[in-house]
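Please look at the chain below before reading on. The points that follow are meant to be checked against it, one at a time.

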Amino acid sequence: MSWTRRDFLKFSAALSTGALAGPLLACSPSTVSRGSIPESLAALRERRLDYRKARAVPTICFGCTTHCGVIGWVQDDRVRLVEGNPLDPNSQGTICSKANGMISYTDYPERILYPMRRVGPRGGGRWKRISWDQALDEIADRMRPLREAGTPERFVFHYGRDKTKGFSKRFTDAFGTPNRLNRRSICSSNRRAPLMSFYGREFEWESQDLERTKYVLNFGGNPMEAYQGGLFMRKRLIDAKVDRGARIVTFEVRPSATASVSTEYHAVAPASDGAIALAMARTIVDEGLADRAFWERWANWDFDEMRAHLEPFTSAFAEAESGVAATDIERIAREFARSAPACCTMSNRGSAKHYNGVQADRAIRMLDVLVGNVGRPGGFCLSSLRMWKNRYGQEGLPVIDQPAPRPHAPKPWKPGTREFETLPRDVQERVRAFPEEWQERYFGELATPSEYPLSWHWYAMRVGQLVHPYIQQRRQEVDVYMSYTLGAAYGFPEARLAREVLTDEALIPFHVAIDVSYGEQAALADIILPDATSLERWDAHSTNSYGLRPYTGIRQPLVEPLGEARPAQIIWRDLARRIGGGMERYFDFDDLEDYYRAWYAELPIDWETFKARGIWMDEDRPLDYELHEREVPAAEVARAEIDPESQTLFVQKDGKRHTIGIVRDGRPVRGFPTPSRKIEVRDETFPLAARLTGLPASDINASAVPTYARVPEHVDLSDDEYVLTTFKWNVHTQGRSAYWKHAAEIVHTNPVMMAPVTAERLGVATGDEVELTTYRPKGASDRSGERDPVGRLRNRVRVVPGMHPRVVACAHHSGHWEHGVVARGGEPTIASARVGMNADTSELDALAREIWWSKDRGGVGHGVAINDVYPINPAPLVGGQNWFDNVCRIRRVSGQKDPRTRA
Amino acid sequence: MYDTSAGRPHPSVSLDTVPPRDVERPGFLVDLRRCIGCHACSVACKTAHAIPLGEFPLRVRWLPRPDEKTFAFVPVFSESRCTNDAESLSAGLEPACVRACPTAALVFGDLADPEDAIHGAIAELEATRLEAPDADDLKRDVHYVELEDFVSGKIHRGAQLDPRDEDPIYEQEGR
């Protein structure tokens with residue numbers, strides 16, 4: 001029988017109407033123990049994937065920060081292939097190469113399979129295998145006294161990728177420590193702060209309506225490769241461009257994949273995005289293209305004041321700053337505004353991870369408000385982000401929350417508390433001057449650094465890159481430090497400082513690392529606990545949807561954990577039970593599945609159906625357009641009061657005003673979840689924070705309104721100074737993908753990319769070796785102004801047309817010295833570390849022989865670790881790392897091209 | 001334009017009721033307007049078939065464009081190593097590479113079946129074959145939409161690695 005595509009369509013239609021009985025995909029995890037020896041690759045090739053025998057199980061991807069709904073094919077207790085789940089409204093059934101990276105790391109021959117205890121000095125690489133009982137007893141014995149002595153804050157929990165959606169917080173809250181630290185500032189805090197300032201804490205990310213847009217203005221975002229939570233945009237952007245003729249304009253410093261598929265790519269000077277955005281705003285206002293009615297209804301800043309503020313930001317000024325022609329800036333501004341409301345901005349690290357990045361993103365965000373595309377079809381939309389608890393935009397959705405009982409969060413360190421008294425005098429004085437609402441969110445210098453109050457004003461983003469220097473300076477005494485999927489020792493700026501602190505037993509007496517692979521962080525632990533991988537465990541999932549309709553998904557185990565690995569939730573449960581003292585009552589479950597079933601108790605479909613689908617969404621719910629115009633229900637209005645001046649509706653709770661809406665044209669509507677219920681284009685929080693931390697009012701970060709100034713160290717760059725920028729390739733994710741074999745095969749190096757004109761000036765060619773020397777920043781940043789170089793690195797050159805001539809770019813995920821043989825480019829791993837891994841090395845040896853890029857086989861090797869030479873450089877107030885500001889000098893070390901013979 | 005949901009697994013569909021895909025002359029359409037160079041196709045293929053490192057049934061090339069300052073992305077298939085994913089076809093599924101493509105740049109069909117949608121797509125989009133004088137192992141029945149002229153001179157050993165490659169990825173010795 002011949003089966004055509006049309007037949008298949010008919011068949012699918014029959015299924016969706018229920019005409020055929022649809023036996024669902026299998027969904028219960030295997031109960032067979034998987035032991036410790038994965039089947040050999042040769043055997044896998046032999047026994048081909050049989051889709052008719054394999055079980056297909058939906059789950060949520062963990063390959064990057066996007067978290068697509070996926071389906072994994074399981075055969076003989078091994079996941080054989082991962083592909084997209086068509087029920088996911090956000091991914092639309094798409095994946096990327098990293099989805100199958102989950103198989104690479106789950107079946108990695110050098111995966112940690114057993115608890116290990118250090119033998120000999122910390123960092124010496126010698127380990128012995130211990131039992132779970134031994135490991136957990138020892139950790140509990142270290143932690144219990146801290147809690148009993150009333151000093152739980154001396155337990156510090158520091159995570160990299162934690163998608164347990166609050167489960168780890170259950171553990172730290174039950175223990176009582178506020179020191180639940182992360183790496184948000186390494187990643188996205190400069191990007192999140194401007195959006196939360198504009199639209200309220202509920203919106204750390206927006207959801208552009210790309211399915212209907214006609215014009216996309218992209219400042220330094222790379223959604224085709226590595227935009228946090230943003231790979232959902234890829235298909236929508238390509239559909240928009242190819243099927244509907246939408247224009248995508250990208251400003252970048254290097255030819256990323258996104259730049260390559262854009263209709264226009266402009267190579268811009270680093271950190272000039274804000275100047276371009278403000279000049280565009282000026283053009284839009286000057287030429288009468290602004291939606292003044294929208295601005296006056298929703299922006300909290302007087303239109304004429306705004307116009308006057310834009311006066312100096314001409315397109316000629318922006319051209320001088322950015323290198324983009326003034327005529328192009330004006331033309332693009334016009335095209336953008338004329339496409340309204342079906343147009344939107346997009347920006348990410350390229351615009352934000354700079355000294356002036358918070359203001360740049362505020363300037364970019366202002367463009368959407370100016371043309372009135374906010375919440376409109378094809379425009380800049382906002383859609384519910386987090387677990388559903390009847391928050392803004394979540395009205396009518398079932399509540400999805402961790403089961404009770406829940407521990408109380410630790411109490412703030414207000415003046416007068418025991419914890420406050422432990423703080424240094426100057427910190428106490430700073431905190432005393434904070435407004436009360438800040439004091440109620442203050443938890444000491446690691447969790448809420450007082451010099452960076454906007455890293456925790458909206459919510460606890462923290463300043464991860466300062467954790468280790470602060471511990472070194474003893475701003476917080478630490479007894480137990482627990483790393484969870486964290487790569488600070490490799491990937492943080494000035495990572496060698498993190499390593500120094502992690503190695504020093506006087507600063508960190510006890511370090512527990514929970515991870516899947518033996519990375520640089522785990523190598524500096526005292527005890528390593530093997531985590532189950534994303535293909536072996538449960539997690540709840542929700543995020544903002546570019547489909548503009550809230551949905552939720554479930555990560556579920558496709559296979560049993562390999563070896564003795566255990567899901568982190570089980571590790572924390574068992575630790576809590578051993579520590580005792582009451583914290584065990586928050587972990588009263590035996591089966592993790594029961595726990596997640598209770599989490600989803602309010603879902604309108606039953607648990608088995610949810611597991612079989614992997615995704616749930618109310619398909620009849622209207623799309624999230626113009627949430628701000630939705631009417632406040634009469635019952636709520638009846639309970640509220642109106643502030644006559646601002647027209648906001650508010651209720652009193654605990655003696656404080658909480659706004660719930662705003663009256664517009666006599667109608668009570670929701671507005672935005674900001675204090676004014678308007679879009680806070682003007683935000684006095686910035687100058688307030690500046691004043692309370694001693695940042696001069698003249699600093700760009702102190703401005704209440706979006707503005708621009710050049711990055712301090714980019715002013716007067718001399719001819720031999722370049723800006724060193726970094727990025728992620730599309731097959732990689734942070735520092736944790738270098739050992740995924742298919743990713744490493746595609747990208748295993750990180751040469752110094754530079755434009756042909758730059759190479760010419762330096763007298764180098766592709767393949768030549770150069771030495772880069774980096775320097776401290778010059779603005780009001782950590783250790784700024786110090787003259788000594790931060791570090792030097794040697795690496796090879798690759799000439800890439802399309803780079804900005806003042807920029808050199810180096811990907812940041814290469815050059816690992818741990819994470820096993822693949823990450824190390826075929827170099828063997830320290831043998832003694834292997835005691836927690838598979839004792840049979842035949843599969844490892846076979847894999848090692850395949851690494852064709854290893855230097856032993858004449859290959860190019862595995863690149864250069866670069867993160868040690870990046871200065872710790874938090875943006876003032878918000879604290880996001882200014883990754884893309886670093887000034888360096890470049891010296892030719894060796895190569896075929898001798899500069900003396902150059903013409 | 002083409003339906004991309006058919007031939008993919010769906011949580012509400014049992015493969016037990018899906019007949020095998022009977023394809024006489026397998027062919028691919030690669031819409032280069034849609035390719036974003038993400039490698040989802042090649043990694044899905046290599047994972048599904050447990051292909052060793054260094055061997056490529058297909059490989060996505062990142063080719064610096066000679067005039068513009070960006071990259072062209074071109075998935076290149078091997079005639080000898082690409083098996084058209086018989087396992088998937090026998091289960092009634094599209095090949096794993098096609099299912100993995102996040103932007104619907106890959107289309108699979110039966111070139112011997114005039115009713116197959118791939119014919120219309122090839123004609124309508126004026127898809128052409130990749131001719132590369134050097135390459136001895138290029139898969140024949142692959143049709144590209146908007147194939148740029150410069151590409152053929154940059155394809156050396158088909159999908160396999162070659163030291164002459166100019167891609168910034170798959171870095172080989174000395175480059």
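1. Which residues of S2(A) are buried on one side, and which on the other? Gly69(A), Ile71(A), Trp73(A) and Gln75(A) are buried on one side, and Val70(A), Gly72(A) and Val74(A) are buried on the other. Both faces of the strand are therefore covered, where buried means under 20% relative accessible area, exposed over 50% and partly exposed in between, with a 1.4 Å probe and protein chains only. Strand S2 runs over residues 69-75 of chain A, and 7 of its 7 residues are buried.

2. A note on the basis of these values. This is a predicted model, in which local features need pLDDT of at least 70 and side-chain atom pairs count only at pLDDT 80 or more, while totals for chains, interfaces and linings use all residues. Residues are numbered from 1 along each chain as its sequence is written, chains are lettered from A and ligands numbered from 1 in the order in which they are written, and side-chain values use heavy atoms, without hydrogens and water.

3. The neighbours of S2(A) come next. Strand S1 (residues 55-60) pairs with S2(A) in the antiparallel sense over 6 bridges; two strands pair if DSSP finds at least two bridges between them. Gly72(A) in S2(A) is the bridge partner of Val57(A). S2(A) also pairs in the antiparallel sense with strand S3 (residues 78-84), over 6 bridges, and there Val70(A) stands opposite Gly84(A). The hairpin of S2(A) and S3(A) has 2 residues between the strands, and Asp76(A) takes a positive phi near 50° in it.

4. Now the whole chain. Chain A has 31 helices and 27 strands, which are DSSP runs numbered from the N terminus (helices: H or I, at least four residues; strands: E, at least two). Its radius of gyration is 27 Å, close to the 29 Å of the globule rule for 903 residues, so chain A is as compact as a globular protein of that length. The radius is taken over C-alpha atoms, and the rule is 2.2 Å times the number of residues to the power 0.38. Of the 903 residues, 66% count as buried.

5. Is Thr758(A) buried or exposed? Thr758(A) is buried, with a relative accessible area of 0%. Its place is in helix H29 (residues 756-762) of chain A. Leaving aside neighbours within four places in sequence, Thr758(A) is in contact (heavy atoms within 4.5 Å) with Tyr722(A) and Pro805(A).
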